[in-house]
Amino acid sequence: SITLYGQDRILLMNAKVIEAKVIEINDDFIKYKKFNKQDGADKMISTEKVYMVTYENSDYKIIYKKDPSDPSALEPEDKRMELSGMQDAKQYYKATGNFFWGIGIGFLGGLVGDLKYAPIPPLIFATISEMHAPCLSKQQLSYCFDLCNENYVTGYMRKAGNKKINNSLMGGLIGIGIGYAAYKALGDPFGVLIGKLAEKEK
């Protein structure tokens with residue numbers, strides 16, 4: 001095993017970064033302390049969840065190894081580009097439109113007054129919105145030439161799709177709450193509207 005000290009960055013396979021003080025690396029796990037809690041307990045993470053460790057002096061150690069039994073596994077450099085795309089999407093892609101559309105759709109679902117069915121419209125919206133890929137040429141990126149790299153684009157699209165789903169569902173839940181509160185306050189507004197329309201038909 002290797003024992004190390006200093007402010008390090010642990011890049012995970014989900015593109016998250018842990019600011020840490022790495023204590024030990026072996027074949028099975030990495031032992032570290034969170035950089036802002038160096039007086040706290042040691043933490044351990046499986047090497048299977050880690051792509052790379054970058055040390056305080058800018059040296060780095062790639063932990064990821066391609067699984068030869070997995071035909072879809074990427075080479076280390078290709079995996080790095082995929083993670084780079086995921087990081088850019090996390091930093092730059094906002095998906096605010098999905099959040100506000102989710103609120104509106106959730107509001108209509110909550111306004112019906114039946115909480116069993118109210119989540120259905122936001123769920124459908126989240127599923128559909130994830131299918132529509134963002135136009136990368138209009139997005140802010142770390143390096144524009146990364147658009148030519150298939151693995152970078154794959155990582156960006158995957159993370160952007162997750163953000164669209166999460167924002168749609170978060171907005172939907174807020175909208176359901178607002179809509180249901182309005183339903184309680186107004187007393188079944190849809191039922192009242194349908195009743196008035198039926199009276200006009202008579």
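Guide: Start with isoleucine 120, which sits in helix α3, residues 120-131. Bear in mind that this is a predicted model.

Visitor: Why is isoleucine 120 called partly exposed?

Guide: Its relative accessible area is 41%. Buried needs under 20% and exposed needs over 50%. The value for isoleucine 120 falls in between, so the label is partly exposed.

Visitor: What makes the nonpolar surface patch?

Guide: Tyr117, Ile120, Ile124 and Ile128 make it, with an area of about 390 Å². Patch residues need over 30% relative accessible area. Isoleucine 120, at 41%, therefore passes that cut-off.

Visitor: Now the rings. How many aromatic pairs are there?

Guide: A search of the whole structure finds 5. One of them joins phenylalanine 99 and phenylalanine 100.

Visitor: Why is the pair of phenylalanine 99 and phenylalanine 100 called edge-to-face?

Guide: The ring centres are 5.3 Å apart, and the planes stand at 75°. Pairing requires centres within 6.5 Å, and edge-to-face requires an angle over 60 degrees. Both conditions hold, so this pair is edge-to-face. Phenylalanine 100 counts as exposed, because its 56% relative accessibility is over the 50% cut-off.

Visitor: What makes the pair of tyrosine 180 and tyrosine 183 stacked?

Guide: The angle between their planes is 25°, with 5.9 Å centre to centre. Tyrosine 180 is partly exposed at 22%.

Visitor: Which residues form an aromatic cluster?

Guide: Tyr93, Tyr152 and Tyr156 form one.

Visitor: On to charges. How do you know that glutamate 19 and arginine 9 form a salt bridge?

Guide: Their side chains meet at 2.5 Å, N to O. The limit is 4 Å, so the pair qualifies. It is one of 7 salt bridges in the structure.

Visitor: What does the bridge between glutamate 19 and arginine 9 tie together?

Guide: Glutamate 19 lies in strand β3, residues 17-25, and arginine 9 in strand β2, residues 8-12. The bridge therefore ties together parts 10 residues apart in sequence. Glutamate 19 is partly exposed at 35%. Arginine 9 is partly exposed at 40%.

Visitor: Lysine 33 bridges to aspartate 42. Is lysine 33 buried or exposed?

Guide: Lysine 33 is buried: its 17% relative accessibility is under the 20% cut-off. Aspartate 42, at 41%, is partly exposed. The closest N and O atoms of this bridge are 2.7 Å apart, so it meets the 4 Å criterion.

Visitor: Why does the contact of arginine 158 with glutamate 82 count as a salt bridge?

Guide: The closest N and O atoms are 3.3 Å apart, which is within 4 Å, so it counts. Arginine 158 lies in helix α4 and glutamate 82 in helix α1, residues 76-92, so the pair ties together parts 76 residues apart in sequence. Glutamate 82 is buried at 5%, whereas arginine 158 is partly exposed at 40%. Lys79, Glu82 and Arg158 are linked in a network of salt bridges.

Visitor: Where is glutamine 91?

Guide: Glutamine 91 is in helix α1. It is partly exposed, with a relative accessible area of 47%. Its C-alpha atom is separated by 9.7 Å from that of serine 142, 51 residues apart along the chain.

Key: Residues are numbered from 1 along each chain as its sequence is written. This is a predicted model: local features need pLDDT of at least 70, side-chain atom pairs count only at pLDDT 80 or more; totals for chains, interfaces and linings use all residues. Side-chain values use heavy atoms; hydrogens and water are left out. Rings of Phe, Tyr and Trp (its six-membered ring) pair if their centres lie within 6.5 Å; planes under 30 degrees apart count as stacked, over 60 as edge-to-face and the rest as tilted. Buried means under 20% relative accessible area, exposed over 50%, partly exposed in between (1.4 Å probe, protein chains only). Helices (H or I, at least four residues) and strands (E, at least two) are DSSP runs, numbered from the N terminus. Patches are made of residues with over 30% relative accessible area and no salt bridge: like charges are joined within 9 Å, nonpolar side chains (Val, Leu, Ile, Met, Phe, Trp, Tyr) within 5 Å. Accessible areas come from the Shrake-Rupley method with a 1.4 Å probe; for residues, only the protein chains shown count as cover.
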